[in-house]
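Subject: Handover of a structure

Dear colleague,

Please find the structure below for your study.

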Amino acid sequence: MDGELTLQDKKDLDKFIKFFALKTVQVIVQARLGEKICTRSSSSPTGSDWFNLAIKDIPEVTHEAKKALAGQLPGIGRSMCVEISLKTSEGDSMELETWCLEMNEKCDKEIKVSYTVYNRLSLLLKSLLAITRVTPAYKLSRKQGHDYVILYRIYFGEVQLNGLGEGFQTVRVGMVGTPVGTITLSCAYRTNLAFMSGRATGEDDAGTFPSVEDSQEVCTTSFSTSPPSQCVFTVSKTHFQTPRPVVMDTLKVPLLGLTFTNQMIVPSKEGGIPVLPLHPAPGTQADHDRMPLCNLTDMNQHVAATPSSSGETELLSKSSEGKSGTPQDTLETTFTRKVGAFVNKPTNQVIAANMDLPFAVFASKIVESEDTDVMVNPPDSPTLESPLHASLHSDQSSGSSGLTQDEFVMVELKPAFSKDDFLPMDLGTFYREFQNPPQLSSLSIDISAQSMAEDLDSLPEKLAIYEKNMEEFDAFVDTLQ
Amino acid sequence: MNCRSQTLELTVEARQIEETVLAVLHTVLLHRSSGKFHYKKEGTYSIGTVGTEDVDCDFVDCTYVRVSSDELDRTLRRSVGEFKDALRNSGSDGSGQISLEFYQKKKSRWPFSDECIPWEVWAFKLNVVNLANEQERQICREKVGEKLGEKIINIIEVMNRHEYLPKMPTQSEVDNVFDTGLRDVQPYLYKISYQITDSLGTSVSTTMRRLIKDTLAL
C-alpha cells in the first residue's frame, strides 16, 4: 500500500484532530472548574460522543476554542495551548500551567486513520482526564472561590512558557502518530508557587515584577446571555516589559461560574465593568467553598423576569464592589459565581450569609421585585426583615470598604423537596413562620427565680401535709405493686 | 509475544491501602476499558460510550479518575478489601503485592482447558508502616498523595507507548479478549491476584491466589 493518504482518510483525520483539540480543551477547563466531574457510561452508542468518551461540552469553552483556532487545525508549528492561571481577590495573578497540543514532523504513514488513530486519540484523552487531577493546579482549583479564582486562556500559535516561573516541570501526557505528523500533548506546570505580585493597577513602577509581568496583554471578556447590547468587554494590561508578537486577541476567562448551558454576567455600576466575584460571605469557613449557589441556566429568561435572579444579580454587583476594592481605571474583572455544573433547571438560591450562626442562611428572607433588577434599574438597598440580620453583619471580617448591610440578601427560601409556593401554607412558609418561636416561659430567668423562691417558702407547708397523709400515700403505693 | 510487566511500589499507612490500590487499579482499567461493543452485520461494530468519575481519597491527598461503572468498582473493591485484610492480618509493618493481569483466552482442543495468555501485568507493591502520631499521619497523607500522583503519571506514560494490544476480535472471539459481563463498559479480560510477605520478608506459607475473574475451567 502506498503512503499516500486517501481523500477520505485526510478528511477523517482533520475531523479527528479538530474534535480532539476541542475535547482536550473541554477536559482541561472542566478539570479546573473546582468541582468533581461525573459522566455516565452508556452501553448503546449515541453517535455523538467523540472518541467513545462521555465528555460534556461547555458551550462557552467550545466557543473560545473555536475562536482561538479560527478555522485552523493544530499542526506543525501551530500549537494550541490552554493556559491556566490563578487570580486573587486583590488582583494579583499567576500562571499555573500551560497545556500544549502540538504536532511534530514525524509521520507514521502506515497507521490506519479511522481505527488506530481514533482509538489512540481516545486513549490520550483518558490519560488527559487522569493527569489533570494530578498536577498541582488541580488542588488549587478545587479550593478556589473565596480568596482566588482560576482563569483559563486559549491561544494558538507559539507556545509561551515564560510565565511559569523558574524551574517549571513538564509532563508528557502522550503522543499519537498520524500520517501527517505526531500529535503530542503535554503540560508545563509551575513548581514555584511563591506568589509574585502582578498588580493590575498600571501605575506602579516598572521593573519590579518578576515573572508575571512577562505575560502578555490579557483581555478579559465577559459574556452575557442577555441581548448583545449587554455584552461588555474590558481589556487590561498586566504590567509587562516585553510585548509579545504573538496572537493578541486571546481571552482570559474565569472558570468559576461556568455552567454547561449559559453563563451570566452583570454589568456593574462602575461604567460597565462586570465584576462578579461571588465569594462566600466573610467568616465562611474555608472549606465551605462548595456552597450550593444559584444554578443558572438560561439567564436570558431569568435575568429580567424572575425576582430571584434579579436579587442575585444585585447581590453579585454589590459583593463585587466590596471585594474588589476601589475601582480602578484598568480594573481586571472576573466573574466567579459558583454555579452547579450540568444543571439544566433553575433551583433555589440560598446564600450563606454568615457561618457564625447555624442556619444563618435561613435567618432572613428578602424577596426582590422586578424593580430592583440591576439590568433595568440601578440597584437599591433591599429592606431587611429579620432582627438577626444586624448580628449577621456585625461579624463580617473582611473589612472591605464597599460592603453594605444589604450585601448578603436571602432571596426566596425554597426548601428542598417542597412544592412550589402556590399553596398558602407550604414548607417554606411554614418554616419561616415558625423558625423563631417564642421562648418557653419556664425558661425565662425572672419567672424561674420567682417560682424558686415561692417553692422554698411553701416547702415546710407541703412537708406537713405529706406527713399527715402518709398512710394514704402508702396505701396508694401498695396498690401499684 | 512477551508479556510486558510493570511494577509500582509505594509505602503507605494501613488505612491508605485501600485507596491507593483502588487509584492505581482504576487508572489502569480506565485505559484498558472500552465501551460495549455492538456487532452489526458485515463484521462491523459500534462502541458504546465510557463515562468517567472523579473520586476523592479520604486518607490520601489525591483525586483519581475511574470509569463510571459501579459494577466494576464493586468488583475491584472486593478484591482490594481481601488484599487489605490479608495485609493487616499478616501483622504490622508487612508488605504485599497486588497484581492486575490482562490476558487473552486461547481455545484449546479437548481435553485441554483454555489457555490464559497474559499480555500485560501490573504489579503494585505496598509496604505498610505504622505511624505514631497525628502529625506524622498528616505528613504521610500529603506525601503519599504526591507519590500516588507520580504513579499515575508512570501508568499513563506506559499506556501511551502504544505497545501491543490484542487485535480487535470478531463477534465470536470477543469473549476471548474482553470481559463482556459488565453492563456498561467492557474492559479487557483481567484477573487480580495478590501475595503477602510478612515483615521477615518471607512468603507466607500459603501464597494466596484468588482469581476474581474465573476463567472457564473444564
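**A hairpin in chain A**

Strand 4 (169-178) of chain A and strand 5 (residues 181-189) of chain A form a hairpin with 2 residues between them. Strands here are DSSP runs (E, at least two residues), as helices are (H or I, at least four residues), and both are numbered from the N terminus. Gly177(A) has Thr182(A) in strand 5 of chain A as its bridge partner.

**How to read the model**

The model is predicted: local features need pLDDT of at least 70 and side-chain atom pairs count only at pLDDT 80 or more, while totals for chains, interfaces and linings use all residues. Residues are numbered from 1 along each chain as its sequence is written, chains are lettered from A and ligands numbered from 1 in the order in which they are written, and side-chain values use heavy atoms, with hydrogens and water left out.

**The sheet of chain B**

In chain B, 4 strands form an open sheet of mixed pairing, in the order 1-8-7-10. Strand 1 (4-13) and strand 10 (190-197) of chain B are at the edges; each has a single partner strand, so one side of each is left without a neighbour in the sheet. From one strand to the next, the twist averages 20°. Axes are lines fitted to C-alpha atoms, for helices over the stretch in contact, and angles run from 0 to 180 degrees between N-to-C directions.

Strand 7 (residues 95-106) of chain B pairs with strand 10 of chain B over 8 bridges, in the antiparallel sense. Within this pairing, Gly96(B) stands opposite Ile196(B) in strand 10 of chain B.

Helix 1 (residues 17-31) of chain B packs on the sheet and touches strand 1, strand 7, strand 8 (115-129) and strand 10 of chain B; contact means heavy atoms within 4.5 Å. The direction of helix 1 makes about 150° with that of strand 8 of chain B. Helix 3 (residues 134-159) of chain B also packs on the sheet, where it touches strand 1 and strand 8 of chain B, and its direction makes about 170° with that of strand 1 of chain B.

**A hairpin in chain B**

Strand 5 (residues 52-56) and strand 6 (residues 63-67) of chain B run antiparallel and are joined by 5 bridges. They form a hairpin with 6 residues between them. Val55(B) has Tyr64(B) in strand 6 of chain B as its bridge partner.

**Where the chains meet**

In the interface, 35 residues of chain A are in contact with 33 residues of chain B. The two chains bury about 2900 Å² between them, 55% of it on carbon and sulfur atoms; buried area is the accessible area (1.4 Å probe) that two parts lose on being put together, summed over both.

Across this interface there are 3 salt bridges, a salt bridge being a side-chain nitrogen of Lys or Arg within 4 Å of a carboxyl oxygen of Asp or Glu. Asp56(B) and Lys36(A) meet through their side chains in a salt bridge (3.9 Å, N to O).

**Salt bridges overall**

Over all chains, the count comes to 23 salt bridges. The side chains of Arg153(A) and Glu83(A) form a salt bridge (2.9 Å, N to O). This pair links distant parts of the chain, 70 residues apart: Arg153(A) lies in strand 3 (residues 148-157) of chain A and Glu83(A) in strand 1 (residues 79-88) of chain A.

Key. Pairing = 2+ DSSP bridges.
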